[in-house]
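Subject: Structure handover

Hello,

Here is the structure for you to take over. Please open it first, then read the notes below.

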Amino acid sequence: MAPVQPQDTGLDREVYVVAAVVVVGVVMSILDTTIVNVALETLSRELSAPLDTIQWVATGYLLALATVIPLTGWASERFGSKRIWMISVALFGVASALCGLAWSAESLIVFRLLQGFGGGMIMPVGMALLMQVAGPDRAGRVMAVIGVPMLLGPIFGPVIGGLIVDNASWRWIFYVNIPVAVLALGMAARLLRADQGRADAGRLDWRGLLLLSPGIAGVVFGLSQTESQGGFGHPLVYGPVIAGLALVAAFVVHARRVPRPLIDVGLFRHSAFSAAALTTFLLGGALFGAMIILPLYFQIDRGETALTAGLLMAPQGVGAAIAMPVAGRLTDRIGGGPIVVAGLIITTLATLPLAFVSASTSYGLLAALLVVRGIGMGGAMMPAMAAAYAVLKGPEVPRATSALNVIQRVGGSLGTALLAVALQHEIASALPNGASG
């Protein structure tokens, strides 16, 4: 019986069609998150604004993402995943055009907030669309499809950003999204069914929204300030984090008392879902945390350009691309648990040697470690999500997708914050007499 199942659960044409539509939009939104980071110094110079102001171009986008994600489950059920996805992509495209036309730092920050509101829904709604079409039996392979842009985006984003900044106006960082958005909208209009994702959404949980969205935004904002404020001891860091956690805790209490909460915390009663959520949180931290440390190592210790640093990160993406299709098939065949454990072990073994690199470490050795690390992450992240979906019923998928995306976003913010603080500590220790600058 078991050997026949992979053939019975092969991905059919509809799944590939939906996957193609979703991946185009997801690639656009994820690449944009990291492309802009490379251009912050250029934006500061071109718009005559200090870096602490320009930093809000990135921070504001992240806050908008975090704020809107909890709403996606209810919105998909109420209006249909196709409609919400197309609205999100259209909003992202229009906001990208406005960002390219920005005349000041303040106008760019406002337009980036608008862009974040669109971008925050693209990933979770796209994931829900795919899972609803494929079903739990094919979750592994479907997550492998959506996982490629999730893991490659943070790696190739800096490369593309570096190419644009070095060879064209900074405005093209945003204009490049417009044709992709038009393509995604055209594909969605032709290929997606209008009723996909529709369900009995019930009334919007306004109280839950007013607790959860500001709570997540507070946590993400506080963590994002650790680098600029010198660590976790600054009130601008721990104040928003504590307030945000209090709001999230209040939401959990609220969600246990109402019949249709914004995010169903009852999903965490499934041990498989809880384990997948924890894994997603940790891997989000490992992926995005490394994205601040390793490029800085290549640029500061090794004297490479931003573009070269991005290219040197590419082996991790290659490893992930190799592992994901294999991990997806194995997940559908034997379950996600063993695959996730193997992926986590591989990721850990490949990450530990990075703590001992020096200014003379061979690039060949680093490339090999990053390939293996990518294999581990590609073998763990998507099977973890697939294991979560495997225990859910169809109507639970949209709100579960919102929960997993929230958890990954907070994990990525925490990982980035922790490694930024560690990096600052090492830099301060290396400077004579605690000098700074």
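A residue counts as buried under 20% relative accessible area, exposed over 50%, and partly exposed in between, using a 1.4 Å probe and protein chains only. By that scale S48 is exposed, with a relative accessible area of 68%.

Some ground rules. This is a predicted model, where local features need pLDDT of at least 70 and side-chain atom pairs count only at pLDDT 80 or more, while totals for chains, interfaces and linings use all residues. Residues are numbered from 1 along each chain as its sequence is written, and side-chain values use heavy atoms, with hydrogens and water left out.

Overall picture

The protein has 18 helices and zero strands. Both are DSSP runs numbered from the N terminus: helices are H or I with at least four residues, strands are E with at least two. Of the 437 residues, 54% count as buried. The accessible surface comes to about 18500 Å². Carbon and sulfur atoms hold 67% of that surface. Accessible areas come from the Shrake-Rupley method with a 1.4 Å probe; for residues, only the protein chains shown count as cover.

A contact means heavy atoms within 4.5 Å. Take the contacts between residues at least 6 apart in sequence: 83% of them join residues at least 24 apart.

Cores

A nonpolar core is a set of buried Ala, Val, Leu, Ile, Met, Phe, Trp, Tyr and Cys residues joined through side-chain atoms within 4.5 Å. The largest one has 76 residues. Which members touch the most others? They are W85 and F251. Setting aside neighbours within four places in sequence, W85 contacts V21, V22, G25, I122, V125, G126, L129, A184 and A188. A second core is separate and has 20 residues, including V36, C99, I164 and F174.

Aromatic pairs

Rings of Phe, Tyr and Trp (its six-membered ring) pair if their centres lie within 6.5 Å; planes under 30 degrees apart are stacked, over 60 edge-to-face, and the rest tilted. That rule gives six aromatic pairs. One of them, W56 with F221, is stacked, at 5.4 Å centre to centre and 25 degrees between the planes. W56 sits in helix α4 (residues 51-68) and F221 in helix α11 (residues 206-224), so the pair ties together parts 165 residues apart in sequence. W56 is partly exposed at 32% relative accessibility, whereas F221 is buried at 13%.

W170 and F174 make an edge-to-face pair, because their ring centres are 6.2 Å apart and their planes are at 85 degrees. W170 is buried at 5% relative accessible area. F174 is buried too, at 1%. F174 also belongs to the second core.

Helix α5

This helix covers residues 72-79. Six of its eight residues are buried, so α5 is largely enclosed by the rest of the structure. The buried ones are T72, G73, W74, A75, S76 and E77. G73 has 0% relative accessibility. The C-alpha atoms of G73 and A403 are 8.8 Å apart, though 330 residues separate the two in sequence. Just after α5, G80 takes a positive phi of about 95 degrees.

Other places to look

Back to S48. It lies in the loop between α3 (40-46) and α4. S48 has a positive phi of about 50 degrees although it is not a glycine.

P158 is in helix α8 (residues 139-167). P158 is buried, at 14% relative accessible area.

V371 is in helix α17 (residues 363-390). V371 is partly exposed, at 25%. Not counting residues up to four places away in sequence, V371 touches P315, Q316 and G319. The C-alpha atoms of V371 and V318 are separated by 6.3 Å, and the two are 53 residues apart along the chain.

Finally, the surface. L113, L114 and F117 make a nonpolar patch of about 210 Å². Patches use residues with over 30% relative accessible area and no salt bridge, with like charges joined within 9 Å and nonpolar side chains (Val, Leu, Ile, Met, Phe, Trp, Tyr) within 5 Å. A salt bridge is a side-chain nitrogen of Lys or Arg within 4 Å of a carboxyl oxygen of Asp or Glu. F117 lies in helix α7 (residues 105-134). F117 is partly exposed, at 36% relative accessibility.

Best wishes
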